[in-house]
Amino acid sequence: MEIKNQKLTDDRFYKERKEILEHWPTGKDVEFQNSVEYQKAIPQSRRFGEKLAQADSQNLTLIQPRAGVALYDEHIKLLQYLENEGEADLLPTTVDSYTRLNRYTEAQTGIERSRESGRSMLNGFPIVNWGVDICRKVTSALTAPVQVRHGTPDARLLTEISIAGGFTSYEGGGISYNIPYSKSHSLEKTIAHWQYTDRLIGIYQEAGVSINREPFGPLTGTLVPPSISNSVAIIEALLAAVQGVKDITVGYGQCGNLIQDVAAIKALKAMTRQYLDKFGFKDVKVTTVFHQWMGGFPQDESKSFGVISWGAAAAVLAKATKVIVKTPHEAMGVPTKEANAAGLRATKQITSMLKDQSFLEIPAVVAESEIIKAEMGAILEKVEELGRGDYAVGTIAAFEAGVIDIPFAPSRYNAGKVMPARDNSGAVRFLESANLPFGEDLKKFHQEKLEERARYENRAVSFQMVIDDVYAIGKGFLVGRPNTNKNQ
Ligand code: 5AD
């Protein structure tokens, strides 16, 4: 497949659209003009992008959970509970794994089994199976705006039904919903599938309906150095903007060192703006999302609240526009509604308490953000060069060459040579930067940071540090020291 970072032609888009809508019976209920009218009748207070823009202008950090169950009436009750008892500002609809893999027949069985057993037999809400009208029932039953959150390499039909169903924000991207989630989907294919999603949203935009788009920031959620995830977020923002998307929320997953986390959001926001402007997208709105720790959690609920609260603090001190909230059940699996609301309330306490403090201008943050920006600049420059100015072509070449390389990704389209590890104060550095296009200064910086830790721990810099770091937070620490139980 020949892929280019160009707006899909109407010819190509509508031909593809016909096939997509015929793929599953609920597709035939999608009717564009009707959906535009439905979307236009949604009050401003329930539009995701509006609420984000308002928070952005007031320097506030909104809170948003993840949540989804199989049956729609239960799903509505769950979301109502999270906005009432959890004080959620923004709501999700987390989609189940079968739907993410386009396995709608199995999702249907899941719905039926859930009915029989009286509990959710799916790990999310199967949007495609329920179809447009039921999705409208869900999105209209709530006070807060609702976003679709998933992890779907081919989300074309899901996007069609979601937007027709009244959702006003949509997560994902051709890189971020492929490489961390899938072993064998080619990037060419998933970038093309997500061009379809973005073009559809572009077409709604042109009809006067603005849908917020959010590339999935944390990627594998495991020690991803900020410059890598930030670069991917910017590429996905550019790819979306080319298709006509006008409202983008770029994201980042907490690493755990406060200075680095604030610096990452600072660099992400500044460089997304810079790159969108550079390519003529000055009218695209940019906001940010900070994800509370995406790696392994402690089993203990009180300890989990510690992790949750630290993420909340980093998000608000970085002035992220919203924070995605974890729950004290994270180590166990899908949370109860009570646990979900508890994570939200802990987060709300912190985001409200700290709303008048900012760490964005403190010198250590500024210095760290300069490093992140230098790394992002190097990666993005190389992607552009490899694609001769085309970011779709460049991204595919960059993954092949390991110029973008996401740690711990299952995809065979990812080089998997880069190795991250924490430095002595817990910031995520490169133990091995492999083929990332970094100059000698940057490489030396990371090397020295790790040597400093090695001296402190009285051991050599090695892969063992990476393993120790992956498990550290679950055991109660940030840096995985030798004899982690004592963590001397
Ligand atoms: N409800 C609540 N949280 C969910 N997650 C995944 N599916 C659901 C769901 N249906 C959460 C996981 C993890 C993150 C990736 O998404 O618990 O925190």
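Cys135 is buried, at a relative accessible area of 0%, where buried means under 20%, exposed over 50% and partly exposed in between, with a 1.4 Å probe and protein chains only. Cys255 is also buried, at 2%. The whole structure holds zero disulfides, a disulfide being a pair of cysteine sulfur atoms within 2.5 Å.

The model is predicted, so local features need pLDDT of at least 70 and side-chain atom pairs count only at pLDDT 80 or more, while totals for chains, interfaces and linings use all residues. Residues are numbered from 1 along each chain as its sequence is written, and side-chain values use heavy atoms, with hydrogens and water left out.

The interior comes next. In soluble globular proteins, nonpolar side chains tend to be buried together. A nonpolar core is a set of buried Ala, Val, Leu, Ile, Met, Phe, Trp, Tyr and Cys residues joined through side-chain atoms within 4.5 Å. The largest one here has 129 residues, and Ile127, Ile404 and Ile406 touch the most other members. Helix H10, residues 226-242, is the element that gives the most to this core, with 11 residues; helices (H or I, at least four residues) and strands (E, at least two) are DSSP runs numbered from the N terminus. Another core lies apart from the largest one and has six residues, among them Met419, Ala421, Leu450 and Ala454.

What does Ile406 contact beyond its neighbours within four places in sequence? Its partners are Ile179, Leu219, Thr220, Ile228, Val232, Phe399 and Asn414, contact meaning heavy atoms within 4.5 Å.

Asp198 sits in helix H9, residues 187-206, and is buried at a relative accessible area of 3%. Not counting residues up to four places away in sequence, Asp198 touches Arg213, Leu239, Ala240, Gln243 and Val245. Thr249 belongs to strand S6, residues 247-253, and is buried at 0% relative accessibility. With neighbours within four places in sequence left aside, Thr249 is in contact with Leu52, Asn212, Arg213, Glu214, Pro215, Thr287, Thr288, Val289 and Lys322. Thr249 and Ala320 are 71 residues apart in sequence, and their C-alpha atoms are 10.0 Å apart in space.

Grid points are joined across faces, edges and corners, and a volume is the space filled by probe spheres set on the points.

The structure has four cavities of 30 Å³ or more, and the largest cavity holds about 70 Å³. Its lining consists of Gly217, Pro218, Gly221, Thr222, Leu223, Val224, Ser229, Gly253, Gln254, Cys255, Trp293 and Met294. By class, this lining has six nonpolar, six polar and no charged residues; Ala, Val, Leu, Ile, Met, Phe, Trp, Tyr, Cys and Pro count as nonpolar, Asp, Glu, Lys and Arg as charged, and the others, Gly among them, as polar.

The largest pocket has a volume of about 1100 Å³. It is lined by 37 residues, and Arg66, Thr94, Asn123, Val334 and Pro335 lie nearest its centre. Helices H4 (72-84), H5 (97-100) and H13 (337-353) are the elements that give two or more residues to this lining, and H4 has the largest share, three residues. The lining comprises 14 nonpolar, 13 polar and 10 charged residues.

The second largest pocket contains about 220 Å³ of space. Of its 14 lining residues, Gly306, Val307, Trp310, Ile473 and Phe477 lie nearest the centre. Helix H12, residues 301-317, supplies the largest share, five residues. Eight residues of the lining are nonpolar, five polar and one charged.

Two loop residues remain. Phe408 is not a glycine, yet has a positive phi of about 65 degrees. It is in the loop between helix H15 (391-401) and strand S9 (419-422), and is partly exposed at 39% relative accessibility. Asn458, also not a glycine, has a positive phi of about 55 degrees. Asn458 lies in the loop between helix H16 (440-457) and helix H17 (463-475) and is exposed, with a relative accessible area of 71%.

How values were computed:
1 Å grid on protein atoms, 1.4 Å probe; cavity = no way out; pocket = protein on both sides within 12 Å on 5 of 7 lines; lining within 4 Å.
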